[in-house]
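Hi,

Here is the structure I said I would send over. Have a look at it first, and my notes on what turned up follow below.

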Amino acid sequence: NEMSVRNYAKLNIPLPQNSYAKKYKISWTIVTDTYPNPLFSEGYTSTALEDTFYPNENKFYYRSNKKARKMHIFKDADKIKKLEEQGYIKSAIQASTSPNKFSTEADLRSEQKWDTVVKKSSVHYSSTLEHPFIVLHALDRGEGRNRVRYSVAITIEAIDYEGDLYEEVLSEYK
């Protein structure tokens, strides 16, 4: 696919919610088709994608006075009501497993954000995964590029599971 820089794309992960697997390893590989920068070898790519993994679409942070609590909006509804009465405010986006910080150019380089191929994985118990997804954010180095072309491959592995995960995915996500 392709997207405009400074935009976001949400990739839902087809994880079966009715599986008997206890633990999953979710891996993703992102390949970015980018123009090189021939005048500046340190900034060899002009665009990149930043990825954030969200294991549960129903978990949000509730914050008050620098305190934060991760809560499930349905399972923790009674607790959330009490927190809101105490002044806690729900975050605008779901809780992720990625660090929530603004990255500098040096941070992006050390995390290999500007590389054209990035592979990551995350292992979770099935009880913590509920309609997981990845959000991609298109970045540029201010060179006037306005589109980023990319491909993403996602692999789901059920750890120590004897069932047929492939059939479970197909039956739930036709």
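Let's start with aspartate 51, which counts as buried at 5% relative accessibility (buried means under 20% relative accessible area, exposed over 50%, and partly exposed in between, with a 1.4 Å probe and protein chains only). Before going on, bear in mind that this is a predicted model, where local features need pLDDT of at least 70 and side-chain atom pairs count only at pLDDT 80 or more, while totals for chains, interfaces and linings use all residues. Residues are numbered from 1 along each chain as its sequence is written, and side-chain values use heavy atoms, with hydrogens and water left out.

Back to aspartate 51. This residue sits in strand β4; helices (H or I, at least four residues) and strands (E, at least two) are DSSP runs, numbered from the N terminus. What does the side chain of aspartate 51 make a polar contact with? One partner is the side chain of tryptophan 28, at 2.8 Å. By polar contact I mean a pair of N or O atoms within 3.5 Å; within protein, one must be able to donate a hydrogen and the other to accept it, and residues adjacent in sequence count only if both atoms are side-chain atoms.

Aspartate 51 also forms a salt bridge with lysine 120, with the closest N and O atoms 3.1 Å apart. (A salt bridge here is a side-chain nitrogen of Lys or Arg within 4 Å of a carboxyl oxygen of Asp or Glu.) The two residues are 69 apart in the chain, lysine 120 being in strand β8 (residues 117-125) and aspartate 51 in β4 (residues 47-54).

How many salt bridges does the structure hold? Four. As a general point, side chains of opposite charge can pair when their charged atoms come close.

- Arginine 147 meets glutamate 2 at 3.0 Å, N to O. This one ties β10 to strand β1 (residues 2-4), across 145 residues. Arginine 147 is partly exposed at 37%, and glutamate 2 is also partly exposed, at 34%.
- Arginine 149 meets aspartate 33 at 2.3 Å, N to O. That links β10 with strand β3, across 116 residues. Arginine 149 comes out partly exposed at 40%, as does aspartate 33 at 41%.

For the overall picture, the protein has three helices and 10 strands, running β-β-β-β-β-β-α-β-α-β-β-β-α along the sequence. Of its 174 residues, 40% count as buried. Among contacts (heavy atoms within 4.5 Å) with a separation of 6 or more, 80% are between residues 24 or more positions apart.

Now the open sheet: three strands in the order β6-β5-β7, with antiparallel pairing (two strands pair if DSSP finds at least two bridges between them). β6 (67-72) and β7 (89-94) are at the edges with a single partner strand each, so one side of each has no neighbour in the sheet. Neighbouring strands are turned by 35° against each other on average, direction ignored. β5 (residues 59-64) and β7 are joined over three bridges, and phenylalanine 60 has glutamine 94 as its bridge partner in β7. Helix α1 (residues 77-85) packs on this sheet, touching β5 and β6, and its direction makes about 150° with that of β6; axes are lines fitted to C-alpha atoms, for helices over the stretch in contact, and angles run from 0 to 180 degrees between N-to-C directions.

Asparagine 58 is in the loop between β4 and β5. Is it buried or exposed? At 8%, asparagine 58 counts as buried. Its side chain makes a polar contact of 2.7 Å with the side chain of glutamate 130. Leaving out residues up to four places away in sequence, asparagine 58 touches Met71, His72, Ile73, Phe74 and Glu130.

Last, helix α3 (residues 165-172). Its buried residues are Leu165, Glu168 and Val169. These cover an arc of only 100° around the axis, which puts them on the same side of α3; the arc is that of the directions from the helix axis to the C-beta atoms. Their cover includes β3 (23-33) and β10 (147-159). At the start of α3, a side-chain oxygen of aspartate 164 comes to within 3.3 Å of the backbone nitrogen of tyrosine 166.

Cheers
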